[in-house]
Amino acid sequence: MKRRTPPNRSPEPGDTDSPPPRRNTLFWRLFANYFLLILIPVIVASVLAQVLVVRIIEKDAERFNQVMMNRFSEQTDTELQSLKTSMINILSTSRLRSVLLAPMASSLDSQLLPELLHSLREQLQQLESDDLVERAYYYFVHQDLMIDAETYTNKAYYFHSRYPLDLNRRHQLEAELSGKKMMDFMDSPDTLTASMSYPFNTAAPEVYLLVEVKRDKLEEQIHIPESWVTGTAIVDDGAKVIAQTGLTEQDQLTLQQRIRTDGVASPFTISDKMGLSFMASGFDESWHYISMIDLETLMKPVYMTRWICWLFLLFFLIVGALASYYLSRRLYRPIREIKDELKLHHAPSGKVGHEGNEFDVIKRYSQFIMTENKELFQMVNGMLPIVQEQFFTKILLGQYRDALSIEYYAKEIEFAYSHKAARTVLCISFHYDPTVYDSASESTKTFLLTELKDKIHRLAPGMIWICQTRPDLMACIVEHGPITEDDSEKVAEQIRGIFLEYGAYYKATIGIGKTVHAIEELHQSYEHALAMLKYRGLHSAVEICGSQPSRELQQWDPFLSVQEVQRILNQYKTREYDKLLHSVLALLEEGKGKDASAMQMKYLLADVLNTWIRAVESERNELNVPYYSGLFERMNRCMTWDELTCCFEDIHGFLFRKPASSSRSQQFMEIVEYIHEHYDQELSIEHFAGMMNMSIGHFSRTFKEEVGEKYVEYIAKYRLMKAKQFLLETDLKIDEIAEKVGYWGRNSLIRAFRRYEGITPAKYRSFHQ
């Protein structure tokens, strides 16, 4: 069958007659893809399940059990080692030697022996508080004396009444108590007793410390709560069972016979249905931990996995064949039609060819279209918010004042709006807290600002537009709904609540502009909102200045009179420092009483601070311009009356402090002078802290108390002052200036300039020249 030329298309020279792929060819192609993508992973998974799971579990069951044994063996060794350490400590710190040296006959009536015996009883009581200890007592070899936690008496009475033992058991116990013992265990049908001799390094000890171990606690330590573990035990080299749990008498006999015959290093499997796992004890070399395993229970999931793998493989094989057959019947005709249609359209630059069968052509075209659409969508989607925010900014700044131009640009950026609607602009002035905000990373700052904008958007979705006209000023355009004519006050209160959540980073002033009814009039509302910011008071960290300000700007002289300046200078000369502070506090109280605005109050306080600095400069030459500018910056950051009060109390305390009687201030002044002379060198804080015999943190805090600036910021500001001199007075390049003022390169100097001056060194030079 020959290929037919599609309609409206002339035959191309490269076209040749070739039969279309048959349905069975499509079937095998689909089945081959299914085989590669689905069946091969299923087969590999089945083989891995057979080889890597089944065989590994069959051959390494002992290793799996060892993992479980590690847990209880380490715990048991730790408990027994702790008990041994306690016994050694008690014998080392006890007063046994004093008891042994004191003749019993001459000391029974003395006051010393009862006291010694009482201390030994207290030590035994402390030892019996251990979870493994049932009873503890001292056995004196050459004296007729027994001591336990409650009493001390002779041996006959003790073994008859306190710790009843028949004569044979007592003789057996006394026979075993011979020679040097260091945590040796004496086993009996009823008890497991640990013994330790004293003195330690002698073959003929005089006292034995005997501790009866609780068998139930020891059995709890070695218990493994797994269904495939039938029992566990502790045995020694002689096949003696020291402790066991879960083992029957037949199991114990089988275990002992196995150890006597093959030892503890024999193969793992005892029979087809049972296995043993051995682990040497870290506490006693002659001990071994043993677990008995039911192999049928352990391997039961393996046999189920094997059958599931085979059934799973058969299921996928049948499903793949049926699916391939069905798709081959349904897809052949539409695939052929789609290919013929796609061949009529050519991709640009030959990115898609027409060679190959139907699947290849469709696949290439689909990938090309998806890639193009994805790139275009990402580009437009990423640019739209930025473009829209710039559009709002230009409207607020008055660059777009014509309704037709605004409508035209809005259509270009796909921004829908209602032309005639009541809108109000809220101006939010940011006030950063540099102690917290400057230490945050740039990503954190960006995340905080994005989070703020997102929360403000969620207050009224689709009714609030946000743009940033300045780095420290955000504008929110609030569109009023059809029911509420003006809800800008409510939105401002909600925004205030949002900013209170970020009080550690931001303080803010919210100015409410007047309401306008056309989008081209928004610049009027924005200008009005900016004017409202000057009405901010000092009673709150986040304040709202309404469109109808409740605080009128009073007639306020922002400068001190000549008489007031002279009075401050006279008070400084007469050392009436307290009056200087009281006068400022009185000004603050007067301003608070009149509810003065922040702008008015800071103008007046700036004149006061300037007068203080002029007075101090006549006697203190160690202070400099960076420090003074830091004082004004701190005052301008104050947002409440309390912050202004604390600020001037701190400034007063530093500027007018009395000379310290110690030489610490002189030492820090010498460090400041050294910085002034060697600012172009490396000034390590570790060096100065070591020189002052202080830690780095203590030196940093003390430096700020003495100098008024953080160590790092003082150096940075002084270097910037010198850099400014070089920029304005010389023609040196930025790299040369950076080297002269102690920076490693121009990038470090540029970063410092941007942080403290807000511009680059090159712009600073061009602006001031």
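The predicted structure holds 18 salt bridges.

A second salt bridge joins lysine 507 to glutamate 643, with 2.1 Å between the closest N and O atoms. This pair links distant parts of the chain, its members being 136 residues apart. Lysine 507 lies in strand β14 (residues 506-516), and glutamate 643 is found in helix α21 (residues 641-655). The relative accessible area of lysine 507 is 18%, under the 20% limit, so the residue is buried. Glutamate 643, with a relative accessible area of 26%, is partly exposed.

Arginine 755 and glutamate 713 also meet through their side chains in a salt bridge, at an N to O distance of 3.5 Å. Here, too, distant parts of the chain are linked, and the two residues are 42 positions apart. Both partners are helical: arginine 755 is located in helix α27 (residues 746-756), and glutamate 713 in helix α25 (residues 711-729). Glutamate 713 shows a relative accessibility of 22% and counts as partly exposed.

Salt bridges also occur as a network. Asp148, Glu150 and Arg162 are linked in this manner.

Attention then turns to alanine 243. This residue lies in strand β8, which covers residues 241-245. Its relative accessible area is 5%; because buried means under 20%, alanine 243 is classed as buried. Residues up to four places away in sequence being left aside, alanine 243 touches Leu218, Ile222, Ala233 and Ile234. One of these contacts, alanine 233, is 10 residues from alanine 243 along the chain. The C-alpha atoms of alanine 243 and alanine 233 are separated by 5.5 Å.

Terms used. Residues numbered from 1 in each chain as written. Predicted model: local features only at pLDDT ≥ 70, side-chain atom pairs only at ≥ 80, totals over all residues. Heavy atoms only, no water. Salt bridge = Lys/Arg side-chain N within 4 Å of Asp/Glu carboxyl O. Helix = DSSP H or I, 4+ residues; strand = E, 2+ residues; numbered from the N terminus. Buried < 20%, exposed > 50% of the residue type's maximum accessible area, 1.4 Å probe, protein only. Contact = heavy atoms within 4.5 Å.
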